[in-house]
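Thanks for coming. I will go through one model today, and I will begin with charged pairs. Please look at the sequence and the structure first.

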Amino acid sequence: MERADGRRVVLCVLGGLPAAGKSTLARALRRQLPLRQGWDCALLTYDDLIPEEPWGRGELPDGEPPLDSAWKRRRRELLLHLERLLRTLRSGPAPPGPAAAPPAWGRFLSCCAEQGLLPGRGGGPEARPLCLVLDDNFYYRSMRYEVFQLARKYSLGFCQLFLECPLELCLQRNRLRGCPVPEETICRMAHRVEVPEPEKNPWEQNSLILSCSACAPEEQCDAGLMEAFHAQIINLLGAALENPVKQNKENTEQKEADRAICAASTVHQADQMCRRIISQTMKEAKDKNVLPSEMKSLAEELNKLKAELLEDLRQGSHVENESGQQHPTTDPATSVLSSFQLEATNVVNKYVLK
């Protein structure tokens, strides 16, 4: 498949904690790449393109079902908008929007128009290389992998710039912002963040982790960061440009990476569901007058049961039938949910009958 608009395109994922300096670095890239390297560069800033939710950007509330959250749905929609842009750049006509265009599409289209990304604005085989910088937290590896899949689908370049910044410094900078992110959100992200691991994941080989530890204002720190790591950043982008992701249906190594990402996501979903079941079960036990002295033992038993079920899920032994074969149509998370619900009920009944 030809690259977008005959041009060489790199999708650059820019990740890190809130207030790590991502947006400042992204703006520096957009200024300097055209001037010093002869590239075109455009920014897709998720905070601008995805409306802020009541609980704060980039983090799910504890009680929100991961698969059904508005936040995850809007991220998927944004990725579809990006794919529509890439296809439009390749085909030429004006970007086709949904029949009833939602506000998100209008914001995305406006962002693209302001940065000269729409057809007829300097495209063609002789056009300069284009770097599309996706500016978001991207703290889960699965979030970044979705962008890699898009690069692979259209044979584009792909790379990751990840900013490592001490949590305390991020919190300090965040307090100085006009609209700070809730501190508990940043702390949860810091606990869950998955830094690129090129040595373990071949698809992450074009990655650069930048360390920002200077106790300076965000703008000063990351202006200096751009200068300090300029050569490494340019080398990273150059490598991604010259080695676009190949479509290889028989790449077993990549299939294994796909499976690992899918498994991690499934385990995460199951873990969230089991946590909700434990919470509800503990409430029911209290309503059934289980002695306070036994509530702690009940909680420990339920958490041990949850750990065992999640380990079964990781090992792939969660939905086997009597013949030892897995049911191909059974959703792993649903299977764990049903099994755990039944076991939790049995455990509570045991305590009630004492």
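The count here comes to 13 salt bridges, where a salt bridge is a side-chain nitrogen of Lys or Arg within 4 Å of a carboxyl oxygen of Asp or Glu. As background, side chains of opposite charge can pair when their charged atoms come close.

Before the details, the conditions. This is a predicted model, in which local features need pLDDT of at least 70 and side-chain atom pairs count only at pLDDT 80 or more, while totals for chains, interfaces and linings use all residues. Residues are numbered from 1 along each chain as its sequence is written, and side-chain values use heavy atoms, with hydrogens and water left out.

Take Arg8 and Glu242. They form a salt bridge, and their closest N and O atoms are 2.7 Å apart. Arg8 sits in the segment before β1 (9–16) and Glu242 in helix α9 (residues 230–242), so this pair ties together parts that are 234 residues apart in sequence. Helices and strands here are DSSP runs, H or I of at least four residues for helices and E of at least two for strands, numbered from the N terminus. Arg8 is partly exposed, at a relative accessible area of 33%. On that scale buried means under 20% relative accessible area, exposed means over 50%, and partly exposed is in between, with a 1.4 Å probe and protein chains only.

Next, Arg141 and Glu204, whose side chains meet in a salt bridge at 3.0 Å, N to O. This pair also links distant parts of the chain: Arg141 is in helix α5 (residues 141–153) and Glu204 is in the loop between α7 and β5 (207–211), 63 residues apart. Are Arg141 and Glu204 buried or exposed? Both are buried.

Glu197 and Lys200 make another salt bridge, 3.6 Å from N to O. Glu197 is partly exposed at 25% relative accessibility, and Lys200 is exposed at 59%. These residues belong to a network of salt bridges that links Arg141, Arg144, Glu194, Glu197, Lys200 and Glu204.

Now helix α7, residues 183–192. Its buried residues include Thr185, Ile186 and Met189. These three cover an arc of only 95 degrees around the axis, which puts them on the same side of α7; the arc is that of the directions from the helix axis to the C-beta atoms. The buried residues of α7 pack against α6 (167–175).

On to cysteines. How many disulfides does the structure hold? It holds 0, taking a disulfide as a pair of cysteine sulfur atoms within 2.5 Å. For Cys112, the nearest cysteine sulfur is that of Cys111, 5.4 Å away. Cys112 is buried, at 1% relative accessibility. For Cys170, the closest cysteine sulfur is in Cys165, at 3.7 Å, which is too far for a bond. Cys170 is buried too, at 0%.

Last, the whole chain and its confidence. The protein chain has 12 helices and 5 strands, and buried residues make up 46% of its 354 residues. The mean pLDDT is 77, with 70% of residues reaching 70 or more; pLDDT is the predictor's confidence in each residue, from 0 to 100. Over residues 1–5 the pLDDT is below 50, and it stays under 50 over residues 54–68. Where pLDDT is low, the predicted coordinates should not be read in detail.

Note on methods:
Contact means heavy atoms within 4.5 Å.
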